[in-house]
Amino acid sequence: MTFADTDVRGRRVLVRADLNVPLDGETITDDGRIRASVPTIKALAEQGAKVVVCAHLGRPKGEPNPKYSLRPVAARLGELLGREVAFSGKVVDAELVDGLKDGDVALLENLRFEPGEESKDDDARRAFARRLADLADLYVGDGFGAVHRKHASVYDVPELLPHAMGGLVAAEVEVLKRLTENPERPYVVVLGGAKVSDKLGVIANLLTKVDRLLIGGGMAYTFLKAQGHEVGQSLLQEDQLDQVRGFLSEAVKRGVDLVLPVDVLAATHFAEDAPYEVVAADAIPADRQGLDIGPKTRELFATKLADARTVFWNGPMGVFEFDAYSGGTRAVAEALIGSEAFTVVGGGDSAAAVRRLGLPEDGFSHISTGGGASLEYLEGKTLPGLEALQ
């Protein structure tokens, strides 16, 4: 059930949103998650609900910390909604909620200021969930970026209140089902980012489903090393080499086209202004480190994406935060924008890269708000937040 199926006028609706945005002091540097949360919050307010939004930000470890306050988020949310968002600085604030009128919106302080939110102890987590549930008549789960966490606001509160799925979560689930249940082929997945270990489960599962798997970013060097190549000072997870050799063998056995970089930008050191040279991926000098895929690899990846009908992309191809090493990530993004495929950007750094590079977000079929949640879904795991809503 979604909230659209429920009469919410005059009811106190607790919305679990994902407002975990990057901050520079009190300046929000990427408001993508706030913008993604607006439609559900706006729709509830326009239907006459008293909307109480709760969310987390950063890792304050169960203690109040001004560095992680949601106050700047409340201001930005109000700008995007075109209405004031009440904010008191308390995680559980019955007085604030009691003062709301139909159509009003309030934002509670960072859920993770309370140790019960992330507690592994079921009783402690449930006790905090009851305090949250007492604020509302109805719960709407719309924080997709948190649905893979067994946290009080995600997992326990919907067991205590009539609950519904928010529009954002419903849209994310629909997209992920399209990727996992009979996707249109060729089905191509592009994986990047720093560590192979972060994506072991998803690689293992995708090898049973995809036609092509393109590997870039820091994780590519562990694959290259597993093939016996010198990777110099590049990021390498020695403890994952046997696992990666297994992936390479499995890909051959299943007929999956597993594509690795053929050239890289090999820098003298890790810095934005570090000089580099383009070298073959199997001949990286011992004193250099790869910080981006090279021009031939960009062309190769674009070719491998050209006839795709379904594409999932998670993880940058290089250190996109450095302009000199953002070209590989841009090339993959532009290949997807020019594609006729159903293209999904899998949240996290990939979504941040799209915005940082100034690329049109509407050039993709879908940009996910939850990198970890998307990957765990594709891995075949049960997500506690979705389980609670369904």
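Let's start at Gly370, which sits in the loop between strand E17 (366–367) and helix H13 (371–379); helices (H or I, at least four residues) and strands (E, at least two) are DSSP runs numbered from the N terminus. This is a predicted model, where local features need pLDDT of at least 70 and side-chain atom pairs count only at pLDDT 80 or more, while totals for chains, interfaces and linings use all residues. Residues are numbered from 1 along each chain as its sequence is written, and side-chain values use heavy atoms, leaving out hydrogens and water.

Setting aside residues up to four places away in sequence, Gly370 touches Phe144, Gly145, Glu172, Gly346 and Gly347, contact being heavy atoms within 4.5 Å. Gly347 is 23 residues away along the chain, yet the two C-alpha atoms are separated by 5.0 Å.

Now move to the loop between strand E6 (105–107) and helix H4 (122–133), where you will find Lys120. Arg112 is in the loop between E6 and H4 too. Is each of them buried or exposed? Lys120 counts as exposed because its relative accessibility is 79%, whereas Arg112 is buried at 7%. Beyond its neighbours within four places in sequence, Arg112 is in contact with residues including His56, Arg59, Lys61, Glu117, Glu118 and His151.

Methods. Buried means under 20% relative accessible area, exposed over 50%, partly exposed in between (1.4 Å probe, protein chains only).
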